[in-house]
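Open the structure in your viewer and keep the selection tool at hand. The stops below say what to select next and what is there.

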Amino acid sequence: SNQVELASSSPALFIHSLAKTVQANFMAHYALKQGKKSIVIIHDYTESSRDEAAAFAKTFMDSGGEIIDVVEMREGVYDNRPDLVDMRSRTDDEELLAELDSDLYLFSPELEIDIKLPLNMDAIYIVATGKQLAVLAGQMAYADISQIQLYGSYRWFDGHLLDDDGRYLSGARFATPVTSLNQPDQAILDVQNQYRVIWAKNHEITPLFALAYDTAMNVAALGTRMGLKGQDAIKTLSTSAEFPAISGNYYFDEN
């Protein structure tokens with residue numbers, strides 16, 4: 001289920017999901033742990049993106065953060081520079097701007113200077129595909145939005161993030177389910193072969209299938225190889241270092 005609140009119904013339940021709203025909640029807490037207090041959200045026009053943006057905003061604000069602006073990219077519009085320039089202006093530190101304007105008027109009234117204030121935000125959460133972000137990054141640089149942390153979800157991982165050779169992006173870090181590699185390991189190949197034999201389907205296993213498989217194997221390991229049940233099995237989940245899985249080793253935290 002993608003309804004994460006179901007896990008609170010019983011200590012024997014947990015949610016293992018690829019839902020982007022779940023990722024948004026995680027990223028909101030992650031941003032706060034990194035000291036980010038004020039964030040701008042940029043999302044596209046789809047309902048799914050609005051839901052993800054709303055999930056991030058709610059978690060971030062409920063945990064003490066501030067969403068200082070939200071920009072929605074419009075359908076059929078590929079040049080977002082005007083919207084980004086407006087956002088840049090809306091989020092300026094008005095008190096600092098007033099002070100600088102006053103100083104400029106007093107000491108150099110004859111000069112016409114367009115004052116560029118430093119970014120008044122800690123980071124930006126972007127709900128868009130990697131293809132959209134590759135274009136958006138250059139437009140953000142045009143709007144003088146640079147040298148700032150960007151956060152996002154699995155949407156970025158579509159193979160297009162570096163369409164512009166990373167000209168305006170650097171230091172990307174991903175955590176994504178591994179189900180198809182140029183050189184997959186034997187465990188993934190074994191599962192792939194089993195999948196094709198049992199379901200007579202010739203396509204690759206999906207990330208969601210990999211999570212379901214890993215979950216089932218985890219339960220089997222607890223109940224058979226380790227011979228655990230009840231509270232002992234639940235306790236072992238949170239006290240073990242990590243569990244091997246075809247989608248990448250994982251562990252259970254205190255929640």
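Select E47 first: with a relative accessibility of 52%, E47 counts as exposed, where exposed means over 50% relative accessible area, buried under 20%, and partly exposed in between, using a 1.4 Å probe and protein chains only. This is a predicted model, in which local features need pLDDT of at least 70 and side-chain atom pairs count only at pLDDT 80 or more, while totals for chains, interfaces and linings use all residues. Residues are numbered from 1 along each chain as its sequence is written, and side-chain values use heavy atoms, with hydrogens and water left out.

R50 and E47 are joined by a salt bridge, 3.3 Å from N to O; the term stands for a side-chain nitrogen of Lys or Arg within 4 Å of a carboxyl oxygen of Asp or Glu. The two residues are three apart in helix α2, so about one helical turn separates them. Helices (H or I, at least four residues) and strands (E, at least two) are DSSP runs, numbered from the N terminus. R50 is partly exposed, at 32% relative accessible area.

Are E52 and R155 buried or exposed? Both are buried.

Next, select D62 and K58. A salt bridge of 2.7 Å, N to O, connects their side chains. Both residues lie in helix α2, four residues apart, which is about one turn of the helix. D62 is exposed at 56% relative accessibility, and K58 is exposed at 53%. Salt bridges with shared partners also join E47, R50 and E72 into one network. The count of salt bridges by this rule is eight.

One more residue of helix α2 (residues 47–62) is D51. D51 is partly exposed, with 41% relative accessible area.

Now go to V71, in strand β2 (residues 66–72). V71 is buried, at 6% relative accessibility. Which residues does V71 contact, leaving aside neighbours within four places in sequence? They are I41, I42, H43, D83, M87 and R90, where contact means heavy atoms within 4.5 Å. From C-alpha to C-alpha, V71 and V40 are 7.9 Å apart, although 31 residues apart in sequence.

T91 sits in the loop between α3 (81–90) and α4 (94–107), and is buried at 5% relative accessible area.

For the surface, select V197, I198 and W199. They form a nonpolar patch with about 370 Å² of accessible area together. Patches are made of residues with over 30% relative accessible area and no salt bridge; like charges are joined within 9 Å, and nonpolar side chains (Val, Leu, Ile, Met, Phe, Trp, Tyr) within 5 Å. Accessible areas come from the Shrake-Rupley method with a 1.4 Å probe; for residues, only the protein chains shown count as cover. W199 lies in helix α6 and is partly exposed at 46% relative accessibility.

To finish, show the whole chain. Its secondary structure comes to eight helices and four strands, and buried residues make up 35% of its 255 residues.
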